[in-house]
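User: I've just opened this one and would like to talk it through. Can you take my questions one by one?

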Amino acid sequence: MSVRQSLLAILDQGPCYGYQLRAEFDRRTGSTWPLNVGQIYNTLDRLERDGLVAKGEVDEQGHVYWEITDAGSSEVRAWLASPVERSGGTRDELAIKLAVAATLPGVDVTEVIQTQRAASLRQLQELNRAKYAGSDPDGPEELAWSLVVDSMIFAAEAEVRWLDHTEQRLALHPQHALALELSTEKPKRGRPARAEVAEQVT
């Protein structure tokens, strides 16, 4: 999730102060990824440093209004016009956990998968039961909320399917064939070579 570009896109609609930006971000994402005010101001400081926003007027309550610059507006247009690029290698905690667990002697990976599947199915049920709590069930805020929740539902469904797939793949191998004992080979200093798959993805 790009907080930087999201805040810039909101500022492209008009000047805002910090708490106002947080409220606008919540409105437009269904409050599914709450930001703290410190994160907002840290991001604004970096955007100012990069010449994408500037401090504007201060109102009678002492709110400092931030304004987007021409360079900031250009960055918003470029962000909206470009696809989200996924990183080459995965840093997904669950994928790494199962990959490591599958190679540890004495670990029942099926049990690890079943525990995760139960948690993933609970989350999927909660998402499917979620109801919009706003005042206008047919308004733009409800639409924004539902788009985010739909994305989370699809991700949870994909995770359950991947867990099923992983369990089936592991069932094809005897447990002892997957175990990796600690290597006696001394690793060389420096960064290890990247896996071929990671190279192909990038």
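Predicted model: local features only at pLDDT ≥ 70, side-chain atom pairs only at ≥ 80, totals over all residues.

User: Is Trp 145 buried or exposed?
Analyst: Take the relative accessibility of Trp 145, which is 14%. The limit for buried is under 20%. Trp 145 therefore counts as buried.

User: Which pattern does the protein chain follow along the sequence?
Analyst: Helices here are DSSP runs of H or I with at least four residues, strands are runs of E with at least two, and both are numbered from the N terminus. The protein chain has 9 helices and 2 strands. Read along the sequence, the pattern is α-α-α-β-β-α-α-α-α-α-α.

User: What share of the residues in the protein chain is buried?
Analyst: The protein chain has 202 residues. Of these, the buried ones make up 26%.

User: How do the rings of Tyr 17 and Tyr 65 sit relative to each other?
Analyst: A pair of aromatic rings is described by the distance of the centres and the angle of the planes. Rings of Phe, Tyr and Trp (its six-membered ring) pair if their centres lie within 6.5 Å, and planes under 30 degrees apart are stacked, over 60 edge-to-face and the rest tilted. A search of the whole structure finds 2 aromatic pairs. In Tyr 17 and Tyr 65 the centres are 5.4 Å apart and the planes are at 80°, so the pair is edge-to-face.

User: How many residues apart are Tyr 17 and Tyr 65?
Analyst: Tyr 17 is in the loop between α1 (3-11) and α2 (18-29), whereas Tyr 65 is in strand β2 (residues 64-68). Tyr 65 is partly exposed, at a relative accessible area of 22%. The pair links distant parts of the chain, with a separation of 48 residues.

User: And what about Tyr 132 and Trp 145: what kind of pair are they?
Analyst: Tyr 132 comes from the loop between α6 (109-129) and α7, and Trp 145 from helix α7, 13 residues apart. Tyr 132 is partly exposed, with 23% relative accessibility. The ring centres of Tyr 132 and Trp 145 are 5.7 Å apart and the planes are at 55°, so the pair is tilted.

User: How are α5 and α7 oriented to each other?
Analyst: Helix α5 (residues 93-102) and helix α7 (residues 140-171) pack with their axes 12 Å apart, at an angle of about 15°. Axes are lines fitted to C-alpha atoms, for helices over the stretch in contact, and angles run from 0 to 180 degrees between N-to-C directions. Angles under 35 degrees count as roughly parallel, over 145 as roughly antiparallel, 65 to 115 as roughly perpendicular and the rest as oblique. So α5 and α7 are roughly parallel.

User: Which residues of α7 does α5 meet?
Analyst: Contact means heavy atoms within 4.5 Å. From α5, the residues involved are Leu 94, Ala 95, Leu 98 and Ala 102. Their partners in α7 are Glu 159, Trp 162, Leu 163, Thr 166 and Leu 170.

User: Which residues does Gln 5 touch?
Analyst: Gln 5 is in helix α1. With 18% relative accessibility, Gln 5 counts as buried. Not counting residues up to four places away in sequence, Gln 5 touches Glu 75 and Trp 79.

User: At what angle do α1 and α4 pack?
Analyst: In this contact, Arg 4, Gln 5, Ser 6, Leu 8 and Ala 9 of α1 meet Gly 72, Glu 75, Val 76 and Trp 79 of α4. The axes of α1 and helix α4 (residues 70-81) are 9 Å apart, and the angle is about 115°.

User: How far apart in space are Leu 52 and Leu 8?
Analyst: Leu 52 lies in the loop between α3 (37-49) and β1 (53-58). Leu 52 counts as buried, at 5% relative accessibility. Leaving aside neighbours within four places in sequence, its contacts include Arg 4, Leu 8 and Glu 75. Leu 52 and Leu 8 are 44 residues apart in sequence, and from C-alpha to C-alpha the distance is 8.0 Å.

Key
Residues numbered from 1 in each chain as written. Heavy atoms only, no water. Buried < 20%, exposed > 50% of the residue type's maximum accessible area, 1.4 Å probe, protein only.
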